[in-house]
Amino acid sequence: MSLPARDTPRPFQPPVAQRDIKAEVIYCVGGVASPVLSNIYLHRLDNFVERVLIPQYTRGSYRRRNRAYGTLTEAIGRARARGDSDRVKLLRKQQRVMPSVDPDDPGYRRLRYIRYADDHLLGFTGPKAEAEEIKQQLARFLRDELKLELSADKTLITHARSQRARFLGYEITVQHNDAKLTRGRRSANGGIRLGVPKAVLDAKRAQYLQRSSKPLRRTALMNENPYTIIGTYGAGYRGFAEYYLLAGNVARLNRLRWDMERSMFTTLAAKHQATPWAMRDRYQAVTETPHGKRRCYEARIEREGRTALVARFGGIPLRRKRDAVLTDQVPVPRRPGKQLIQRLLTGICEVCGGTDGITVHHVRRLADLDRPGYADAPRWARLMSARHRKTLITCGRCHGLIHPQGASS
């Protein structure tokens, strides 16, 4: 089950009129304070679930034994005593396709609850009729106490074994595989499995494709240097892949990596007027990972007396992480002009590639660069206009050539 976003600056005194709620929702959606306000306002929902619903729908220490399973266990013991190994194998084969406990035990119920901001998920072990009761009680509490309505599209009752529930971008299922054995016991049954949704992966891949299968050339990056291009692609892939490394089918991201690689090579090829395969060979590298060496693509900017700047794409082993450790870091105040500082640190002129006397050239308005006769404008002006930037990193020689042409600095 999941809730729509409902944020209000008065957490414990919500407006009675539904119209007021809608107005405040429009104001808060997408704001940085939205998760904080959700946590404050929905704290009462947490208390209701933990103090009312969970005690009401949780009972029993364990399920009762399955009688049919126990009967087979006794038959296996008698066959072993007689030394009938063929009979033991047959009975064991029958036993492994039936549950060892009663899945319909009326004396056993479990209800679990988790919430992140305005999305929440309840896991219930029991019949569907009782799941409907839980949903109705939840809807009644939200309507009467918090003046909220459950979203009909998002609040679903999903069978965990045969269907998939969606939570925080993951697909959640309960595994069932009688053939998966570990030390002679069925090890997969009842385990929770996280998966990468196909729809999410297809939407991400579509950002780097044209006409469904052709790699997309990102013209907005063509005027950047290879360090920026590879770094942009690398950051996009790294963020997506690292988020889904908890999934059991994380290997599915290989297709995304391939599509992003082709798009990156096509963009670099258009910049250098070369072929994508030439770009692949030029920037191919190898990096060390906890799982051994992996192929990646790198662009380096060497700096005398300092560590080289490296932009990397790939090199992430697509192996499932069974657990994740979240470390809250102290936020560092963001310094203004971070991108400009990064460009200065490269120590390379963006006009000629020189490294002597690096400085910054600045214009007051980009509109001044698009005056009549733009096709005949000097190269530095065309570069600034194409990048849509009012600053340009230049060497001393190029900066000296700019000022006689009447440019402001």
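Leu45 lies in helix α3, which spans residues 43–56; helices (H or I, at least four residues) and strands (E, at least two) are DSSP runs numbered from the N terminus. Leu45 counts as buried because its relative accessibility is 0%, where buried means under 20% relative accessible area, exposed means over 50% and partly exposed lies in between (1.4 Å probe, protein chains only). Leu45 and Leu146 are 101 residues apart in sequence, and their C-alpha atoms are 8.4 Å apart in space.

This is a predicted model, in which local features need pLDDT of at least 70 and side-chain atom pairs count only at pLDDT 80 or more, while totals for chains, interfaces and linings use all residues. Residues are numbered from 1 along each chain as its sequence is written, and side-chain values use heavy atoms, with hydrogens and water left out.

The next topic is a pair of helices. Helix α4 (residues 67–82) packs against helix α5 (residues 85–95) at an angle of about 165°, and their axes are 9 Å apart. The angle makes α4 roughly antiparallel to α5. Axes are lines fitted to C-alpha atoms, for helices over the stretch in contact, and angles run from 0 to 180 degrees between N-to-C directions; those under 35 degrees count as roughly parallel, over 145 as roughly antiparallel, 65 to 115 as roughly perpendicular and the rest as oblique. On the side of α4, the residues that meet α5 include Tyr69, Leu72, Ile76 and Arg80, and their counterparts in α5 include Arg87, Val88 and Leu91; contact means heavy atoms within 4.5 Å. By class, the contact of α4 with α5 has seven nonpolar, three polar and four charged residues. Here Ala, Val, Leu, Ile, Met, Phe, Trp, Tyr, Cys and Pro count as nonpolar, Asp, Glu, Lys and Arg as charged, and the others, Gly among them, as polar.

We turn now to a sheet. Strands of a sheet pair through backbone hydrogen bonds, either parallel or antiparallel. In this model, three strands form an open sheet in the order β10-β11-β12, with antiparallel pairing; two strands pair if DSSP finds at least two bridges between them. The edge strands, β10 (284–289) and β12 (306–314), each pair on one side only. Neighbouring strands of this sheet are turned by 55° against each other on average, direction ignored.

β10 and β11 form a hairpin with two residues between them, and six bridges join β10 to β11 (residues 292–303). Within this pairing, Thr289 stands opposite Gly292, and Glu288 has Lys293 as its bridge partner. The covered face of β10 holds Ala285, Thr287 and Thr289, whereas Gln284, Val286 and Glu288 make up the uncovered one. Helix α8 (residues 226–243) lies across β11 and β12, and runs at about 55° to β12.

Two loop residues complete the account. Most residues other than glycine have a negative phi. Leu168, however, has a positive phi of about 55° although it is not a glycine. Leu168 is found in the loop between β3 (165–167) and β4 (170–174), and is partly exposed, with a relative accessible area of 33%. Gln273 also has a positive phi, near 55°, and lies in the loop between α9 (254–272) and α10 (276–283). With a relative accessible area of 76%, Gln273 is exposed.
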